[in-house]
Amino acid sequence: MIPSSAPSNVGPPPRRFALRIALLFCAPLIVNGFAMPYFPVWLSTLSMTDFEIGVVLAIPMFIRVITAPLAGVLADRIGERVIVLIWSAVLSLATAFILFYAHSFWPVLVIYALQSAVYSPYVPIVEAIALSGVRRWGFDYAHMRVWGSVAFIGATMLGGWMIGRFGGPMVLPAMAMGFGLMILMALAAPRVGRPRRPSPITALTEPPPKSLRQPDLQLLLVGVTLVNSSHAMLFAFSAIYWQHIGYSGTQIGVLWSAGVAAEVLMFFFAKAIIRRFSVWTMIFSGCGLAVVRWLIFPMDLGFSGYFVLQCFHAFTYAIMHTGMQHKLVERVAEEQEASAQGLYFFYTGFFTAIFTFLSGYFYAWFGVNGFYSMSAVAFAGCCFAFAGWYLQPQRLVSGGKTREAS
């Protein structure tokens, strides 16, 4: 989906383009490294119920699915996407300061929803700028993007230590620091001008092309994104649960970092895996292990057991996501790439929002046993993905390899 060589009719790239993009990825993922594991912990310090925590985490996800595409359209049309990045970072920092004065459910819900709305376009627009560099000048996307994952791991580890030392109140200052870094990195971002093709989030504002409306591909997209959304309870309540059973902040940070590190390693070896295994093997292995992962999670595993289970993330997300991307490459023309990615973004965000909302109920009613519901979600995703495989167009066998008929 990304050209392997740069076109010859463009000028030289901005100075130190790869370094500046790497830093652009680092800043928001530092925010995510503090917010994803520990923002629910801060909410619990406000004496919110599990249901209220689920609502606070879910409602912004619904808003993000709407605001990110609209901001993407604005960024594509104004001629310089960095302007939207700067405003996104400034407004995110402003809402972070306002959160310091919110201490109950409704104010936190409203302010956090506003923060999600203004923060949502930052990473997708960075992605779009990075892909412009890949297409125009042949930069290596993975080498730029991986530093964001490294920053996420570092922030998660640091946040775990800070939670252990200072408790939940450390979360907002840490997030504010990350938003401040986002402003600095946006000011230093490379200017590459108007995009030559729409970004994935921009493409969400237009009807999907006919190739994306084929039943088998729709079923597969629904299946994979349902499995993705089965991680909702992990994101919302794992740190709260691990803290409840006595794990230190550092241990919680290690557990969260293990999942991201396993994901990065899987992406690193993805090319070798693709050469040995079929795309369907990659997708179904991720679907099946997601069912197993959430069945095992409520058991008394101990720290080492949870560490191993977190490493399943390499399969329940990374390898399945890679397989899905390659299936889209097979089925969708390059000029429809943005629409395919936009639809993938929409389904993932929409389903994750729904099950984050429901996880508040499930965790309040059943505690850690609520993770069984996520196993059911993953199993439903497996069924949809299998239906997509079963209904795919007639396959032709050529040279010992299976390919789809054109």
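This is a predicted model: local features need pLDDT of at least 70, side-chain atom pairs count only at pLDDT 80 or more; totals for chains, interfaces and linings use all residues.
Reader: What does the secondary structure of the protein chain come to?

Author: The protein chain has 17 helices and 2 strands. Of its 406 residues, 54% count as buried. Contacts can also be read by sequence separation: among those between residues at least 6 apart, 85% join residues at least 24 apart.

Reader: How many aromatic pairs does the count come to?

Author: Two rings pair if their centres lie within 6.5 Å, and the angle between the planes then sets the class. Here the count is 35 aromatic pairs. Take Phe 386 and Trp 389: the ring centres are 5.3 Å apart and the planes stand at 35°, so this pair is tilted. An angle under 30 degrees would have counted as stacked, and one over 60 as edge-to-face.

Reader: Where do Phe 386 and Trp 389 sit in helix H17, and how many residues apart are they?

Author: Both belong to helix H17 (residues 371–390); they are 3 residues apart, so about one helical turn separates them. Phe 386 is partly exposed, at a relative accessible area of 44%, and Trp 389 is partly exposed too, at 26%.

Reader: Which residues do ring pairs link into a cluster?

Author: The cluster consists of Tyr 241, Trp 242, Tyr 247, Trp 294, Phe 297, Phe 303, Tyr 306 and Phe 371.

Reader: Which residues have the most contacts inside the largest nonpolar core?

Author: They are Phe 39, Trp 242 and Phe 297, in a core of 113 residues. Helix H1 (residues 17–45) gives the largest share of this core, 16 residues. Another core, of 7 residues, lies apart from it and includes Met 266 and Ile 319.

Reader: What is Phe 297 in contact with, leaving aside neighbours within four places in sequence?

Author: Its partners are Leu 234, Ser 238, Tyr 241, Trp 242, Tyr 306, Leu 309, Val 368 and Phe 371.

Reader: Is His 231 buried or exposed?

Author: Buried means under 20% relative accessible area. His 231 has 2%, so it is buried, although it lies in the loop between helix H9 (215–229) and helix H10 (232–244).

Reader: What does the side chain of His 231 make a polar contact with?

Author: The partner is the side chain of Arg 293, at 3.5 Å. The His 231 side chain also reaches the backbone oxygen of Val 227, at 3.2 Å.

Methods:
Residues are numbered from 1 along each chain as its sequence is written. Side-chain values use heavy atoms; hydrogens and water are left out. Rings of Phe, Tyr and Trp (its six-membered ring) pair if their centres lie within 6.5 Å; planes under 30 degrees apart count as stacked, over 60 as edge-to-face and the rest as tilted. Helices (H or I, at least four residues) and strands (E, at least two) are DSSP runs, numbered from the N terminus. Buried means under 20% relative accessible area, exposed over 50%, partly exposed in between (1.4 Å probe, protein chains only). A nonpolar core is a set of buried Ala, Val, Leu, Ile, Met, Phe, Trp, Tyr and Cys residues joined through side-chain atoms within 4.5 Å. Contact means heavy atoms within 4.5 Å. A polar contact is a pair of N or O atoms within 3.5 Å; within protein, one must be able to donate a hydrogen and the other to accept it, and residues adjacent in sequence count only if both atoms are side-chain atoms.
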